[in-house]
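Hi,

Here is the structure I promised to pass on.

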Amino acid sequence: MKKLHQLFGYERPKEGDFGIEIEVEGNNLVEVQSGGWTSVKDGSLRGESYEYVFSEPVIREKVKPQLEFLAKKLHKSELNFSFRTSVHVHMNMMDCTEDQVMNVIYLYLLLEEPFLTYCGKERKGNRFCLRLQDAEGLMDAVNMIFVYGFKGIQNINRDTMRYASINLEALVKYGSLEFRAMHGNLDVQYIDTWVEALYRIRKFAMEIKDPIDIYNLYAQMSPIDFMEKVLGDISKTFTYPRIVKDMQKSFSLSIDLPYIYRDKNDPKKKKKAIKDINFNDVVANIPPPVARLYDINGNEFRKGDIVQIKEKIEDAELNWEEEMDEFVDDGAEYVVVRTINEPDGVELDGLPWLFPPKSLVIRRRGEF
Amino acid sequence: MVDDLNQLYRDSLVLFKNRPVYVEGFFDNNIVSYFDLTDQRSRVKQYEEGMFLPPTRRIGFVNIGQSVIYVYRNPVRKYKVGYSLENLKFSLPDVRFPFNRTAAKERVMSLRCPEIVDSMFGRYPSFPEAMSYLETFSGACAIDKQFALGASGVVFYRTREVGKFKRTAESVKDITFSEGNEHLIMLLENTYEKATPIVRV
């Protein structure tokens, strides 16, 4: 069976198990460019801030030492983990087959409530890491994967699923699943336990046959026993008083998945499964408003426009003036991916920031 | 500050003291105007940090104008804390809307109607109650967040038709699920909130 890295055209999967991003606000923060870490600016943070990111994925055993390295580097800094900050964990899925990817997604959804409780109760309902029960629309994408497999992954719309607690878009972009649930912190043991839980999910997903077997296993035992079966000795860390009811709700919300999986392998039933995920009856959907933004010369941005970075913008909200210097008038051209209302900005292909419109100039035909 | 607050909350539905409220806007000195969906009244208050919480209760089927609309959120990359037209989907099943389809849709999409409160808090008629309503309704009636009965005898699960029932049906056990949807009975028998698996795939 094909593995995800083959979909990306790689002969071998990318090495490493995890990549971690830790968002921090505070004072006296230091830029870290060593020990496997890179510091980048993130427009969603305020004041003095950094997003500390693994330079490249590392194997499971190296996660903790690398976290300890960062904690040591920042021990003199005044760290403020506001509601804007979070810890995102990318788990490499490149070496997984379609079924194994589905297994991980299904297992995660069944255990999502205890996971979110562990990652911070205030994260429930948080718009940056919405649970399945906060945003059922996630099921549109999950169903797509369960019916079409890897082909379905390619059809996930950008930005429509990104703020789920399990970000499926990362599968398309990086060949990883991104878990966004954890609140901002730099507690090494706390983060490491979270990473271990995800690691065990993937390990379990590699060993069990398919989502039907997961469903049947869940059906045979109590939700708590099921969690223990998957997570092993760390499962107690994830228990809390309402867990059974919460897990039953997750089970209910994801109940179609094993049946969709079963039906997709039956040519007659596959037709029905495809019909079920065609939400043609959604007649009142409101498309997200597209921001009307204009460049330095008053030309309106359109998706696909070629632009150059012309002006440095002094903006107290954006702490990236220094980075801007590198790009201003360097002759490089970028494609406009989209324009965004909140905050006003233009997303350029291959660049991690939103650019204020007045910092750009559109190079229209005839101007080259 | 006011701009930030408007960006986060204005024109969205959030929880204030566990009551769904629609935030109308923020003004000078962080004065906020909001509309309480439960008592259908607007109020003005001094905003305090943490006053509005994200809605942790799903909406699901909304019983509206003797028919139903299914409402759910997408995890889109938007800044609104609560439910808003930017992050919600409104799905109208293939049933009649006796009191004007557009009016029903607009009422729900206003995010101010009390029917949304009933849905968020899981207040739905029982199956027998819904059957008695359907004797006079020509549209549909939801019996929980995920299931609705159409007057023509069809059962809807979220956005799709999954089975049929007869006029003589007395309980959810009398629903005939279409092929491939038989497993959904367990959600109805256990009630959605307490669903436990009782059949094997």
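This is a predicted model: local features need pLDDT of at least 70, side-chain atom pairs count only at pLDDT 80 or more; totals for chains, interfaces and linings use all residues.

Let's start with helix α10 of chain A, residues 223-231, where the buried residues are Pro223(A), Phe226(A), Met227(A), Val230(A) and Leu231(A). Looking down the axis of α10(A), you'll see these buried residues fall within an arc of 115°, so they line one face of the helix. That spacing makes sense, because an α-helix has 3.6 residues a turn and residues three or four places apart point the same way. As for what covers the buried residues of α10(A), the list includes α3 (98-110), α4 (112-119), α8 (188-207), α9 (211-220) and α11 (243-253), which belong to chain A too.

Over in chain B, take a look at Gln146(B), which sits in the loop between β8 (140-142) and β9 (147-150). Gln146(B) has 0% relative accessibility and therefore counts as buried, the cut-off being under 20%. Its side chain reaches across to chain A, making a polar contact with the side chain of Ser252(A) at 3.5 Å.

The predictor gives the complex an ipTM of 0.86 and a pTM of 0.79. Chain B has an average pLDDT of 89, and 95% of the residues score at least 70. One stretch of chain B, residues 194-201, has pLDDT below 50, though in the model it has 32 contacts beyond near neighbours in sequence.

Cheers

Terms used:
Residues are numbered from 1 along each chain as its sequence is written. Chains are lettered from A and ligands numbered from 1 in the order in which they are written. Side-chain values use heavy atoms; hydrogens and water are left out. Helices (H or I, at least four residues) and strands (E, at least two) are DSSP runs, numbered from the N terminus. Buried means under 20% relative accessible area, exposed over 50%, partly exposed in between (1.4 Å probe, protein chains only). A polar contact is a pair of N or O atoms within 3.5 Å; within protein, one must be able to donate a hydrogen and the other to accept it, and residues adjacent in sequence count only if both atoms are side-chain atoms. pLDDT is the predictor's confidence in each residue, from 0 to 100. Contact means heavy atoms within 4.5 Å. The arc is that of the directions from the helix axis to the C-beta atoms.
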